[in-house]
Amino acid sequence: MDANEPGLGTNRPASERLEPPDSFVAQANVADPAVYAAFEENWPGAWERAGDLLEWDRPHERVLGAEDGFRWFQGGRLNACYNCVDRHLADRKNQVALAWEGRNGESRTYTYLELYHEVNEFAAALRELGVEEGDVVTMYMPMIPELPVAMLSCARIGAVHSVVYAGFAADALATRMNAADSAYLLTCDGYYRRGDAVLLKNKADTAAVTVDGDVTSVVVDRLDGYDCSLGADEHDYDELVCAHARERVDPVRRRASDDLFIIYTSGTTGTPKKVTHTTGGYLSYVAWTARAVLDIRPEDTYWCSADVGWITGHSYIVYGPLALGTTTVMYEGAPDHPEKTRIWEIIERNAVDIFYTAPTAIRAFMKWGAEYPADYDLSSLRLLGTVGEPINPRAWEWYHEHVGRGECPVVDTWWQTETGGILVSTLPAVSDMKPGTAGPPLPGISVSVVDDRGGIEAREGGYLVVDRPWPGMPQELCEGRRWANRGDDRSPADPTAWTYPTEDGAFVDKDGYVTILGRVDDVINVSGHRFGTMEIESAIVDVEGVAEAAVVSGDHDVHGKAIYAYVSPEDGHERQDALREGIVAAVKESIGPIARPEAIVFTPEMPKTRSGKIMRRLLADIANGEDLGDLSALRNPEVVGEIESTVEER
Ligand code: PRX
């Protein structure tokens with residue numbers, strides 16, 4: 001692979017290695033290096049360890065069935081809500097399950113018993129509204145406890161939730177509801193963002209106009225003093241829960257391979273990519289990785305600062321930690337509102353043991369200064385984690401030193417919406433850490449780095465593929481797959497039998513550690529959030545006066561990557577200010593403010609190859625101020641200088 005391709009070649013890690021401290025190793029959940037060999041010698045059977053973390057209504061017959069698609073824990077039956085709530089009542093009903101930190105110092109806690117009651121009550125309410133097993137309930141909710149409660153209520157009755165990030169626009173909500181054929185919506189009147197009220201119900205109402213079919217809604221009253229009138233088939237969350245007070249709903253026994261939830265992410269087309277996670281495989285996998293990588297124990301207070309609207313929140317705020325019976329912290333708002341001390345205050349007040357956040361947040365903390373964490377007692381911290389984007393060694397070291405006192409191991413966890421849980425990371429008590437490198441694949445996981453013909457390319461950098469199935473894989477990768485689908489008798493352990501292309505570039509060092517270099521497809525990862533360039537381009541070309549648009553990513557100090565939109569206006573639409581405003585508004589309206597381009601660069605023409613394709617790679621190089629090299633493949637090289645000078649002037 002050419003190291004100049006977008007996303008490759010910039011994040012070479014430091015070669016320094018750090019050993020995990022003895023004090024950490026002595027108490028860790030998984031500290032025996034033999035775990036890797038145990039999985040290799042008995043694969044896929046060793047995955048029973050993950051299944052054994054759950055309580056099953058019926059045990060599986062086979063760890064991995066593979067005749068007609070992959071079936072993890074085939075024959076097994078279980079309920080995800082029972083596993084995250086009910087089964088903990090015997091030992092820790094009065095332990096806090098969910099500690100919510102609202103904006104303005106508000107807080108709320110739910111013990112496992114309280115969670116059990118509210119989940120049952122809302123499950124009864126959902127049933128009364130007509131929700132049946134297999135129905136899709138969409139949730140368009142901010143970071144308030146009713147969201148995890150509702151997710152678990154769905155799981156209890158075998159309904160499938162589809163959480164749509166609250167920052168998404170009405171259009172994005174409608175597209176996802178239609179795609180999932182969802183007739184139920186949970187939302188709320190609004191929420192606060194940096195002190196301002198965002199009226200979420202208004203956005204949901206706008207979406208409802210373009211949703212096919214009738215929608216039954218439940219609305220949580222979140223805003224103080226804001227009276228939101230409810231229409232026909234709209235129900236107040238509190239009233240429903242009160243009306244079903246003390247009711248019990250038996251958890252529905254689901255097949256291990258039944259859907260637990262849907263989540264939409266960005267792919268390379270203009271439409272969102274559907275990812276469906278399973279009940280048994282997914283839940284076992286997130287419980288196992290939360291235990292082995294994040295070292296979570298029931299007595300811990302664990303905080304992942306992600307939003308529940310993304311996969312990180314599903315797997316490592318809700319399902320993984322609750323399956324293990326721990327106390328999971330969830331926070332509303334922003335890290336610098338009302339003050340830049342917010343994160344450290346929450347850690348101190350809750351005596352957080354494990355903190356899991358994104359590199360983009362760490363880079364912002366760095367910019368604000370080490371004096372902020374230094375002012376707080378962070379001595380409760382035992383382990384730190386990062387997720388979502390590559391972490392540069394400097395940010396890794398800052399996190400390790402200023403947040404972890406140089407004593408907490410840091411796990412750099414690589415995974416994706418599609419993988420359900422972490423696939424590549426050090427095990428914090430087993431492996432040495434190398435800042436900037438995620439680590440080896442987890443036990444039982446196999447990845448390789450290939451060139452564009454599928455040949456192994458490990459050291460030089462290439463395309464990262466996962467070459468063995470894993471329990472957290474989504475339905476979309478299970479269906480219609482067979483081991484022996486090439487007419488030969490490959491055994492399931494044969495790594496050449498099947499692969500999942502991750503669309504990330506990576507290289508592997510001599511110790512087998514994987515360094516992730518970034519996306520190699522048309523997906524941009526900004527602050528750990530995924531956007532398809534096509535989604536953004538189609539919003540932009542819909543603006544009157546835009547002839548063509550090309551969206552690429554440029555490097556950004558804090559956010560990792562930034563969105564650059566190159567736009568050529570139609571004749572007669574050269575008024576850039578008006579066009580710029582129209583473009584920003586269109587992106588906000590069709591996707592949401594988070595997809596707003598960092599830069600909009602106007603050019604009379606796009607640089608094109610002789611066959612008429614826009615040369616996006618060249619546009620990315622211009623955004624990054626890189627040497628452009630040979631331009632002979634271009635039909636119109638004369639536009640390049642003009643675009644470069646426009647970018648430089650910014
Ligand atoms: O490019 C990789 C990057 O995030 C992408 C997946 O994004 P998403 O599906 O939104 O899931 C984010 C949360 C898991 C990957 O293709 N990515 C994720 N974790 C890392 C990472 N890049 C480098 N290092 C990581 N630890």
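Around the ligand stand 17 residues, and Asp412, Thr413, Thr417, Asp504 and Arg530 come nearest (near means that a heavy atom of the residue lies within 4 Å of the molecule). This is a predicted model, where local features need pLDDT of at least 70, side-chain atom pairs count only at pLDDT 80 or more, and totals for chains, interfaces and linings use all residues. Residues are numbered from 1 along each chain as its sequence is written, and side-chain values use heavy atoms, without hydrogens and water.

Polar contacts come next (pairs of N or O atoms within 3.5 Å). A ligand oxygen is 2.7 Å from a side-chain N or O atom of arginine 530. An N or O atom of glycine 388 lies 3.1 Å from a ligand nitrogen. For proline 390, the distance to a ligand nitrogen is 3.4 Å. The protein covers 96% of the 540 Å² of accessible area that the ligand has on its own (Shrake-Rupley method, 1.4 Å probe).

Now look at the backbone. The peptide bond from tryptophan 43 to proline 44 is cis, with omega near 5 degrees. Another cis bond runs from histidine 337 to proline 338, with omega near 0 degrees.

Phenylalanine 73 has a positive phi, near 55 degrees. Phenylalanine 73 counts as buried because its relative accessibility is 0% (buried means under 20%, exposed over 50%, partly exposed in between, with a 1.4 Å probe and protein chains only). Aspartate 233 also has a positive phi, near 60 degrees. Its relative accessibility is 38%, so aspartate 233 counts as partly exposed.

Methods
Polar contact = N/O pair within 3.5 Å; in protein donor to acceptor, adjacent residues only side chain to side chain.
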